[in-house]
Amino acid sequence: MSGLRVQDVTVTRGAGPVIRDVAFTLEPGRITALVGPNGAGKTSLLESISGVVPAASGSVSIDGTDITKQSRVARAKLGLAHIEQGRAVFPGLTVVENLKLTARTWPRVEEVLALFPELEKRRNSPTALLSGGEQQMVVLARAFAARPRYLLIDEMSLGLAPVVFTRLLPMVTRFAEEGAAILLVEQFTHLALGVSQDALVVSSGRVTFQGTAKELLDAPETLHSAYLGE
Ligand SMILES: Nc1ncnc2c1ncn2[C@@H]1O[C@H](COP(=O)(O)OP(=O)(O)OP(=O)(O)O)[C@@H](O)[C@H]1O
């Protein structure tokens with residue numbers, strides 16, 4: 001029973017629910033794009049899966065194990081990682097030192113560096129000296145180094161030019177090909193859908209579309225309302 005399963009999850013923040021009865025499954029080797037207008041609840045949904053905020057009701061399970069009440073650390077031990085919005089590097093540490101923080105073994109550091117040739121070249125530079133795009137690569141590489149089986153990525157492109165972000169996407173694809181299940185929240189919706197197999201649209205906390213990424217790309221009206229939250 002492999003997969004990360006979200007069942008009827010509701011998340012309450014401030015005045016009321018910001019996620020309502022959301023259900024879907026992430027499967028190994030597949031990327032799911034999570035799309036929706038600002039304030040739809042995308043970040044809150046990711047946070048409830050990784051344990052940053054509790055679910056008010058519903059459940060989340062990893063490979064059949066209920067993790068709804070488990071700590072973030074326990075969830076991480078089961079193979080879940082969450083790249084949070086605006087997540088930063090440790091600027092005083094070199095690229096290699098940043099990766100060693102999450103990699104369990106030395107060979108894993110080298111394997112991940114092989115995926116990121118730009119970082120390999122700067123391996124002994126303090127990350128503070130890297131460009132914004134390269135620093136975001138370090139954030140991504142650090143998550144890969146832990147070898148998570150389930151990876152939640154929130155707005156990896158924040159502060160990056162689309163052209164820089166476009167270079168990060170093949171690395172996400174490659175990681176999925178290694179068997180990870182990925183949930184991708186991204187402001188550049190078309191780029192995200194282009195690398196995803198599955199798509200989920202949320203609006204005002206509810207799922208309004210669930211299907212393949214291709215189905216969503218081929219339905220301009222649904223995609224348009226996904227942006228506007230109609
Ligand atoms: N810490 C918080 N306390 C109270 N309300 C919050 C908190 N964080 C988010 N919210 C509210 O929850 C709702 C969903 O916000 P969330 O950030 O999850 O949406 P989002 O789809 O990720 O938005 P964006 O695309 O703008 O990042 C919004 O109405 C927001 O104001």
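Predicted model: local features only at pLDDT ≥ 70, side-chain atom pairs only at ≥ 80, totals over all residues.
Local features are reported where pLDDT is at least 70 and side-chain atom pairs count only at pLDDT 80 or more, while totals for chains, interfaces and linings use all residues. Residues are numbered from 1 along each chain as its sequence is written.

Helices (H or I, at least four residues) and strands (E, at least two) are DSSP runs, numbered from the N terminus.

The largest nonpolar core has 65 residues, of which Ala33, Val112, Ala141, Ile182 and Leu184 touch the most other members. Such a core is a set of buried Ala, Val, Leu, Ile, Met, Phe, Trp, Tyr and Cys residues joined through C-beta atoms within 7 Å. A residue is buried if 20 or more other C-beta atoms lie within 10 Å of its own, exposed if 12 or fewer, and partly exposed in between, with C-beta atoms placed from the backbone. Helix H6 (residues 132-145) supplies the largest share of this core, 8 residues. Beyond its neighbours within four places in sequence, Ala141 is in contact (C-beta atoms, placed from the backbone, within 7 Å) with Leu99, Val112, Phe116 and Leu119.

Helix H4 (residues 106-115) has Val109, Val112 and Leu113 as its buried residues. They are on the same side of H4, because they cover an arc of only 105° around the axis, the arc being that of the directions from the helix axis to the C-beta atoms. Exposed on the other side of H4 are Pro107 and Ala114. The cover over the buried residues of H4 includes H3, helix H5 (117-121) and H6.

Helix H7 (residues 162-177) spans 23 Å from its first C-alpha to its last over 16 residues, close to the expected 22 Å, which is 1.5 Å times one less than its number of residues. Phe165, Leu169, Val172, Phe175 and Ala176 are the buried residues of H7. Viewed down the axis, they fall within an arc of 120°, so they line one face of H7. On the other side, Val163, Pro170, Arg174 and Glu177 are exposed. Strand E3 (31-35), H6, strand E8 (181-185) and helix H8 (189-195) are among the elements covering the buried residues of H7. After H7 comes Gly179, with a positive phi near 115°.

Asp21, in strand E2 (residues 16-26), has phi near 50° and counts as partly exposed because it has 14 C-beta neighbours inside 10 Å. Glu155, in the loop between strand E7 (150-154) and H7, has a positive phi of about 50°; with 20 C-beta neighbours inside 10 Å, Glu155 counts as buried.

Finally, Glu84 sits in the loop between strand E6 (80-83) and helix H3 (95-100). Its 16 C-beta neighbours inside 10 Å make Glu84 partly exposed. Glu84 and Ile153 are 69 residues apart in sequence, yet 6.6 Å apart in space, C-alpha to C-alpha.

Key
Contact = placed C-beta atoms within 7 Å.
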